Amino acid sequence: MNMAVVGMIAGVALGFAGYFGGFGAFLLVAALGAVGFVVGRFLEGDLEPGDFFRTRENRRR
């Protein structure tokens, strides 16, 4: 699926959440979408768990 289409679907979902559920629902949908994105990147192999837990000295390498 094209990334523009995925972005459009995410925008529509956030719009519906904001309209029908208020700002709290908007934030909940946005946060869960971000978590789903990160989990998807892990499953695809683009990220590794150590990417979030490296020290500053290890990032320079």
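Student: What percentage of the accessible surface of the protein chain belongs to carbon and sulfur atoms?
Tutor: In this predicted model, the protein chain has an accessible surface of about 5300 Å². Buried residues make up 2% of its 61 residues. The share of the accessible surface that belongs to carbon and sulfur atoms is 67%.

Student: How are the rings of Phe 16 and Phe 20 arranged: stacked or edge-to-face?
Tutor: The structure holds three aromatic pairs. In the pair of Phe 16 and Phe 20, the ring centres lie 5.9 Å apart and the planes meet at 10 degrees. Planes under 30 degrees apart meet the criterion, so the arrangement of Phe 16 and Phe 20 is stacked.

Student: Is Phe 26 exposed or partly exposed?
Tutor: Phe 23 and Phe 26 both lie in helix 1, three residues apart. Phe 23 has a relative accessible area of 59% and is exposed. The exposed class requires over 50%; Phe 26, at 29% relative accessibility, therefore counts as partly exposed.

Student: Which residue do ring pairs link with Phe 16 and Phe 20 into a cluster?
Tutor: The residue in question lies in helix 1 and is exposed, with a relative accessible area of 65%. Together with Phe 16 and Phe 20, the cluster includes Tyr 19.

Definitions and conventions:
Residues are numbered from 1 along each chain as its sequence is written. This is a predicted model: local features need pLDDT of at least 70, side-chain atom pairs count only at pLDDT 80 or more; totals for chains, interfaces and linings use all residues. Side-chain values use heavy atoms; hydrogens and water are left out. Helices (H or I, at least four residues) and strands (E, at least two) are DSSP runs, numbered from the N terminus. Buried means under 20% relative accessible area, exposed over 50%, partly exposed in between (1.4 Å probe, protein chains only). Accessible areas come from the Shrake-Rupley method with a 1.4 Å probe; for residues, only the protein chains shown count as cover. Rings of Phe, Tyr and Trp (its six-membered ring) pair if their centres lie within 6.5 Å; planes under 30 degrees apart count as stacked, over 60 as edge-to-face and the rest as tilted.
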